[in-house]
Amino acid sequence: MENQDKVKFIERISKLRNDNNLSARKLSNLIGKNYGYINKLECDKDFFPIINTLFDILEVCNTTPAEFFYYDPSQYKNDKDIIELLSKVDEDTKNAVITMLKKVKK
């Protein structure tokens, strides 16, 4: 993983923690780690969680892996809602929406 990607990854964890009003110490405790675990994760660029620990963090923060790794997490819920709505319409409507969106994109 590139250093820039690691930084973005850790920034997402920090944002997630802050969005859930959790201190680093509290989140560390909730995932069963020592009190300084999250602080070390957020400050030490060479420290990285194992996948199970990441899943524990996501669970505590009520976030799915799909949402966490989405290219733009701030848009995940809207995009997910759009996909869910589109899954319930017929093929002609889907094609009409695609055509409309392609025109808007230009």
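**Entry 1: charged pairs**

I started with Arg17 and Glu42, whose side chains meet in a salt bridge, at 2.8 Å from N to O. I then noted where the two partners sit: Arg17 is in helix α1 and Glu42 in helix α3, so this pair ties together parts that are 25 residues apart in sequence. A reminder to myself and to any new reader: this is a predicted model.

Is Arg17 buried or exposed? I found 11% relative accessibility for Arg17, so this residue counts as buried.

How many salt bridges are there by the rule I used? The count comes to five. I wrote down the general idea as well: side chains of opposite charge can pair when their charged atoms come close.

Next I looked at Lys40, which meets Asp44 in a salt bridge at 3.7 Å, N to O. Lys40 counts as partly exposed, at 41% relative accessibility. Asp44 also counts as partly exposed, at 27%.

One more of the five: Lys88 forms a salt bridge with Glu84, and their closest N and O atoms are 3.6 Å apart. Lys88 is exposed, with a relative accessible area of 61%, whereas Glu84 counts as partly exposed at 42%.

**Entry 2: aromatic rings**

I turned to the rings and counted seven aromatic pairs by the rule. I picked out Phe9 and Phe68, with ring centres 5.4 Å apart and planes at 90°, so I logged the pair as edge-to-face. This pair links distant parts of the chain: Phe9 belongs to helix α1 (residues 3-19) and Phe68 to helix α5 (residues 65-69), 59 residues apart. Both Phe9 and Phe68 are buried.

Tyr37 lies in helix α3 (residues 37-43) and Phe47 in the loop between α3 and α4 (51-60), so the pair ties together parts ten residues apart in sequence. Tyr37 counts as buried because its relative accessibility is 11%, and the cut-off for buried is under 20%.

Which residues do ring pairs link into a cluster? I listed Phe9, Phe48, Phe68 and Phe69.

**Entry 3: lysines over rings**

I went back to Tyr37 and Phe47 to look for charges. Lys33 lies over the face of Tyr37, at 5.4 Å from the ring centre. Lys40 lies over the face of Phe47, at 5.2 Å from that ring's centre.

**Entry 4: cysteines**

I searched the whole structure for disulfides and found zero. Cys43 is in no disulfide, and the nearest cysteine sulfur, in Cys61, is 17 Å away.

Cys43 is exposed, with a relative accessible area of 61%. Cys61 is buried, with a relative accessible area of 3%.

**Entry 5: a patch on the surface**

Met100, Leu101 and Val104 make a nonpolar surface patch of about 310 Å². I placed Met100 in helix α7 (residues 91-105). Met100 is partly exposed, with 47% relative accessible area.

Methods
Residues are numbered from 1 along each chain as its sequence is written. This is a predicted model: local features need pLDDT of at least 70, side-chain atom pairs count only at pLDDT 80 or more; totals for chains, interfaces and linings use all residues. Side-chain values use heavy atoms; hydrogens and water are left out. Patches are made of residues with over 30% relative accessible area and no salt bridge: like charges are joined within 9 Å, nonpolar side chains (Val, Leu, Ile, Met, Phe, Trp, Tyr) within 5 Å. Accessible areas come from the Shrake-Rupley method with a 1.4 Å probe; for residues, only the protein chains shown count as cover. A salt bridge is a side-chain nitrogen of Lys or Arg within 4 Å of a carboxyl oxygen of Asp or Glu. Helices (H or I, at least four residues) and strands (E, at least two) are DSSP runs, numbered from the N terminus. Buried means under 20% relative accessible area, exposed over 50%, partly exposed in between (1.4 Å probe, protein chains only). Rings of Phe, Tyr and Trp (its six-membered ring) pair if their centres lie within 6.5 Å; planes under 30 degrees apart count as stacked, over 60 as edge-to-face and the rest as tilted. A charge sits over a ring if NZ of Lys or CZ of Arg is within 6 Å of the ring centre and within 35 degrees of the ring normal. A disulfide is a pair of cysteine sulfur atoms within 2.5 Å.
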